[in-house]
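We will go from one stop to the next.

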Amino acid sequence: MTLAAAAAHPGFLSPTGVEIAFLLVGLATFGAAVITVTTKQLVHAALWLVVALGGIAVEYLLLTAEFIAWVQVLIYVGSVVVLLLFGLMLTKAPIGRSPDADSGNRWVAAAVAVTAATALVWVVVDAFRTTWIDLEGPAQGSTDATGEFLFRHWVLPFEALSVLLLAALIGAIVLSRKDRAGTSHREDKR
């Protein structure tokens, strides 16, 4: 690469506005994810999960993958979190602080999380070390390219996931319904 070509492209030490926004949104998303797994209130954890998943959708928008961003919002933020909140409400989970939400193994959990994150980063960096994205070619995150790829290769997993979510909703309804004596199935087991 010549000196003129290197000067024409911004480098690592001169980030663009999109790169700065990507970093800031990534930090906010990471913070929301940490709060999601460390809070002792289940409803607050679900709401912080909405913030974390919304941050990931913004990251997709910054990467010009609009279709994936809207799928993230519709499926994860719209459906999965609503299903989680319905499950919390229908199974009569505690609304306030839950003493059962902390097992006392925080240091072991933190060590496992750091080890898993390190392994994941190492595998991803090693797998994509020599991969370069052609920015001049057709957009990889476009609706046409993404839809063609998903519906050609991933139709069955999407259908399996929809059946799994339906089974989870039916299970939550069954667990929360009252029988003839006026008590729920959950209260009978105590």
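Select helix α4, residues 66–90, and helix α7, residues 155–176. This is a predicted model. The axes of α4 and α7 are 9 Å apart, and the two helices pack at about 15°. An angle under 35 degrees counts as roughly parallel, so α4 runs roughly parallel to α7. The crossing of α4 past α7 is left-handed.

Now show the side chains at this contact. From α4, pick Leu83, Gly87 and Leu90. From α7, pick Leu165, Ala168, Leu169, Ala172, Ile173 and Ser176. Colour them by type: seven are nonpolar, two are polar and none is charged.

**Next stop: α3 and α4**

Which way does α3 run relative to α4, roughly parallel or roughly antiparallel? The angle between α3 and α4 is about 175°. Angles over 145 degrees count as roughly antiparallel, and α3 and α4 are therefore roughly antiparallel to each other. Their axes lie 8 Å apart.

Select the contact from the α3 side: Leu42, Val43, Ala46, Leu49, Val50, Leu53, Gly54, Ile56, Ala57, Tyr60 and Leu61. On the α4 side, the residues they meet include Glu66, Ile68, Ala69, Gln72, Val73 and Tyr76. Further α4 residues in this contact include Val77, Val81, Leu84, Leu85 and Leu88. By type, the contact of α3 with α4 has 19 nonpolar residues, two polar and one charged.

**The loop between them**

Click on Thr64, in the loop between α3 and α4. What is phi here? For Thr64 it is near 60°, a positive value in a residue other than glycine.

**Next stop: α2 and α3**

The α2 and α3 axes are 8 Å apart, at an angle of about 160°. That makes α2 roughly antiparallel to α3. α2 crosses α3 in a left-handed sense.

For the α2 side of the contact, select Val18, Ala21, Phe22, Val25, Gly26, Thr29, Ala32, Ala33, Ile35 and Thr36. For the α3 side, select Ala45, Trp48, Leu49, Val51, Ala52, Gly55, Ile56, Val58, Glu59 and Leu62. The contact of α2 with α3 divides into 15 nonpolar residues, four polar and one charged.

**Last stop: a pocket**

Select the lining: Phe22, Gly26, Thr29, Phe30, Ala33, Leu49, Ala52, Ile56, Glu59, Tyr60 and Leu63. Eight of these residues are nonpolar, two are polar and one is charged.

Definitions and conventions: Residues numbered from 1 in each chain as written. Predicted model: local features only at pLDDT ≥ 70, side-chain atom pairs only at ≥ 80, totals over all residues. Heavy atoms only, no water. 1 Å grid on protein atoms, 1.4 Å probe; cavity = no way out; pocket = protein on both sides within 12 Å on 5 of 7 lines; lining within 4 Å. Nonpolar A, V, L, I, M, F, W, Y, C, P; charged D, E, K, R; others polar. Axes fitted to C-alpha atoms, helices over the stretch in contact; angles between N-to-C directions. Helix = DSSP H or I, 4+ residues; strand = E, 2+ residues; numbered from the N terminus. Parallel < 35°, antiparallel > 145°, perpendicular 65-115°, else oblique. Left-handed = near helix turned anticlockwise from the far one by under 90°. Contact = heavy atoms within 4.5 Å.
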